[in-house]
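This report walks through one protein model, from the overall fold down to single side chains. Keep the sequence and the coordinates in view while reading.

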Amino acid sequence: MGQQVGSLDTKTKELFLSIAHQWRQPLSEVNSIVSSIDNRLYELQIEDAQIHRHLVEIEKLTKYMSDTIEDFKNEYVEAIQKEHLLLSDILSQSVAVVTQCLQEKKVKLELKIDTKSFFSFDGELLKQIVLILLNNAKDALVERSIYKPEIRLTAYEDEEFFFVSVCDNAGGIPKSIREKMFEKHFTTKHNSEGTGLGLFMCKEHIEKKFHGSLSVHNRANGACFDIKLPKEQA
C-alpha cells in the first residue's frame, strides 16, 4: 500500500486536498454553533449537566474529525504544494462566507486591507482561521445585543511580516478569561465571547504551521484578535 500512496498522481492529491478543505468549514461552523448554544444557556442561567455533556461530546467529535482529516492529508499527500495567493484575496474569501449572515444580524463589517504581497503557504487554512475569528466576533455582538454592532478586519505588512486583526465593539473580554481562552480545555460555560476549541486550534495552526502568533487584547470598546505571520515560512 505504501507504494500506491507514494505514486499518487497530482489529480488524486488535489482531490484529497479538496475534501479536506470542504470539510474544514462545516466543522468550524459546528464548533461555532456549539459555542453559541453554550453561551445562550449561560445567559439564560440554565444549568443542565446532560446538555453540557452533549456539547462537550460534539466538540470532541469535531476535533476527532478534524484531526482525522489532517492525518489523512499528511499520510496520503506527502508533498503539499505551497499556494501563492494574494493575502487580500484570502481575506476576501473569508469575508464572502460571512457577509450574508452579518447583514441578517445587522452587523457592520469594515475592511481596511493594505497588503499586496503573496501568502505562500496554506491559504485555505488561513481563510478558515480568519472565518472562525469573524464568527466569534459576530456571536459576541449578537449575544450582547450591542447597539450598532461592528466588526473591523484590518491587514497590513512590513518587510518581514503580515499583520491581520479582527476587532469588535462588544465591550471587551475580562482579563481572567483572556488568560485562558486559548487553552485546550477551556469552555465557554462561564463567558459570552464564543471562545472554545476553535480558538485553541487556531492558535495551534498559527504557531505550528505558519510559525506565527495569535493573541488577543482589549481596545476602547471591544476586543481584537491579532495574527502575526512571517512572510518566509520556516
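Among contacts in the protein chain between residues at least 6 apart in sequence, what percentage join residues at least 24 apart? The figure is 73%. The model is a predicted one.

## Overall fold

The protein chain holds seven helices and seven strands. Along the sequence, they are arranged as α-α-α-β-α-β-β-α-β-β-α-α-β-β. The chain has 234 residues, and 46% of them count as buried.

## Helices α4 and α5

Helix α4 covers residues 87-104, and helix α5 covers residues 123-143. Their axes come within 9 Å of each other. The crossing angle is roughly 35°. The crossing of α4 past α5 is right-handed.

Which residues make the contact? From α4 come L87, I90, L91, Q93, S94, V95, V97, V98, C101 and L102. From α5 come G123, L126, K127, V130, L131, L134, N135 and K138. Sorted by class, the contact has 12 nonpolar, four polar and two charged residues. One of the α4 residues in this contact is C101. C101 has a relative accessibility of 26%, so it counts as partly exposed.

Is D139 buried or exposed? D139 is buried, because its relative accessible area is 5%, and buried means under 20%. The side chain of D139 makes a polar contact of 3.1 Å with the side chain of K138. K138 is also among the α5 residues that meet α4. Leaving out residues up to four places away in sequence, D139 touches S32 and S36.

N39 sits in helix α2, which spans residues 10-43. N39 has a relative accessible area of 0%, so it is buried. What joins the side chains of N39 and E143? A polar contact of 3.3 Å does.

## T62 in helix α3

T62 is part of helix α3, residues 49-76. Its relative accessible area is 6%, so T62 is buried. Which residues does T62 touch, not counting those up to four places away in sequence? They are L27, V30 and N31.

A polar atom of the T62 side chain lies 2.9 Å from the backbone oxygen of E59. T62 and G198 are 136 residues apart along the chain. Their C-alpha atoms are separated by 10.0 Å.

## The disulfide

How many disulfides does a search of the whole structure find? There is one. C167 and C224 form it, with their sulfur atoms 2.0 Å apart. The pair links distant parts of the chain. C167 is in strand β5, residues 161-168, and C224 is in strand β7, residues 223-230. The two cysteines are 57 residues apart.

Why is this disulfide right-handed? The torsion about the S-S bond of C167 and C224 is about 115°, so the disulfide is right-handed. Both C167 and C224 are buried. C202 is buried too, because its relative accessible area is 1%.

## N218 at the end of strand β6

Strand β6 runs over residues 213-218 and includes N218. Is N218 buried or partly exposed? Its relative accessible area is 31%, so N218 is partly exposed.

Which residues does N218 touch, leaving out those up to four places away in sequence? They are G172, I173, R178 and A223. The contact with I173 has a polar side to it: the backbone oxygen of I173 lies 2.8 Å from a polar atom of the N218 side chain. N218 and P174 are 44 residues apart in sequence. Their C-alpha atoms are 8.7 Å apart in space.

## Recap

N39 pairs with the side chain of E143 at 3.3 Å. D139 pairs with the side chain of K138 at 3.1 Å. T62 has the backbone oxygen of E59 at 2.9 Å.

Notes
Residues numbered from 1 in each chain as written. Predicted model: local features only at pLDDT ≥ 70, side-chain atom pairs only at ≥ 80, totals over all residues. Heavy atoms only, no water. Axes fitted to C-alpha atoms, helices over the stretch in contact; angles between N-to-C directions. Helix = DSSP H or I, 4+ residues; strand = E, 2+ residues; numbered from the N terminus. Left-handed = near helix turned anticlockwise from the far one by under 90°. Contact = heavy atoms within 4.5 Å. Nonpolar A, V, L, I, M, F, W, Y, C, P; charged D, E, K, R; others polar. Buried < 20%, exposed > 50% of the residue type's maximum accessible area, 1.4 Å probe, protein only. Polar contact = N/O pair within 3.5 Å; in protein donor to acceptor, adjacent residues only side chain to side chain. Disulfide = S-S within 2.5 Å.
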